[in-house]
Amino acid sequence: MAPYYRIRPANEEDIFFIRALELDPANQYVHSWDEDTHREKMAHPSFHYFVAEDVEEKPLGYAILTYNNPERLEWRRIIVARAFSSCETY
């Protein structure tokens with residue numbers, strides 16, 4: 001796996017990668033959402049999606065944070081792709 005380079009806000013184009021990580025059998029304990037739910041959450045102001053990328057701008061993983069109320073920040077997901085995962089090609 002290439003070294004980490006940056007974290008950027010995710011967008012709808014990242015949903016395929018996000019879903020691939022959620023559905024990877026290695027992540028069987030991670031709750032997954034369908035594409036429409038991810039689009040809905042990305043558009044909601046209390047949800048914040050981030051993608052980590054390598055120096056070639058290939059995604060390495062993602063995270064979802066949400067504010068449930070003004071005093072509470074919650075990590076919803078943190079998933080990192082494995083070097084041998086099929087997700088590397090996305």
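Colleague: What percentage of the 90 residues in the chain count as buried?

Modeller: Of the 90 residues, 41% count as buried (under 20% relative accessible area with a 1.4 Å probe, protein chains only; exposed is over 50%, and partly exposed lies in between). This is a predicted model, in which local features need pLDDT of at least 70 and side-chain atom pairs count only at pLDDT 80 or more, while totals for chains, interfaces and linings use all residues. Residues are numbered from 1 along each chain as its sequence is written, and side-chain values use heavy atoms, with hydrogens and water left out.

Colleague: How many helices and strands are there, and in what order do they run?

Modeller: The chain has two helices and four strands (DSSP runs numbered from the N terminus: helices are H or I with at least four residues, strands E with at least two). From the N terminus on, the order is β-α-α-β-β-β.

Colleague: Which residues of H1 are buried?

Modeller: They are Ile-15, Phe-17, Ile-18, Arg-19, Ala-20, Leu-21 and Glu-22. Seven of the nine residues of H1 are thus buried, so the helix is largely enclosed by the rest of the structure.

Colleague: What do they pack against?

Modeller: The buried residues of H1 pack against H2, S2, S3 and S4.

Colleague: Glu-22 is on that list. What is its relative accessible area?

Modeller: Glu-22 has a relative accessible area of 3%. Its side chain joins that of Tyr-62 in a polar contact of 2.9 Å (a pair of N or O atoms within 3.5 Å; within protein, one must be able to donate a hydrogen and the other to accept it, and residues adjacent in sequence count only if both atoms are side-chain atoms). Beyond its neighbours within four places in sequence, Glu-22 is in contact (heavy atoms within 4.5 Å) with residues including Trp-33, His-38, Arg-77 and Ile-79. The C-alpha atoms of Glu-22 and Ile-79 are 7.9 Å apart, although 57 residues separate the two along the chain.

Colleague: Turning to H2, which residues are buried and which are exposed?

Modeller: In H2, residues 35–43, the buried ones are His-38, Lys-41 and Met-42. Seen down the helix axis, they fall within an arc of 100° (taken from the directions from the axis to the C-beta atoms), so they line one face of H2. The face turned away carries the exposed residues Asp-36, Glu-40 and Ala-43. Helix H1, S2 and S3 are among what covers the buried residues.

Colleague: How do S2 and S3 pair?

Modeller: S2 and S3 pair in the antiparallel sense over seven bridges (DSSP must find at least two bridges for strands to pair).
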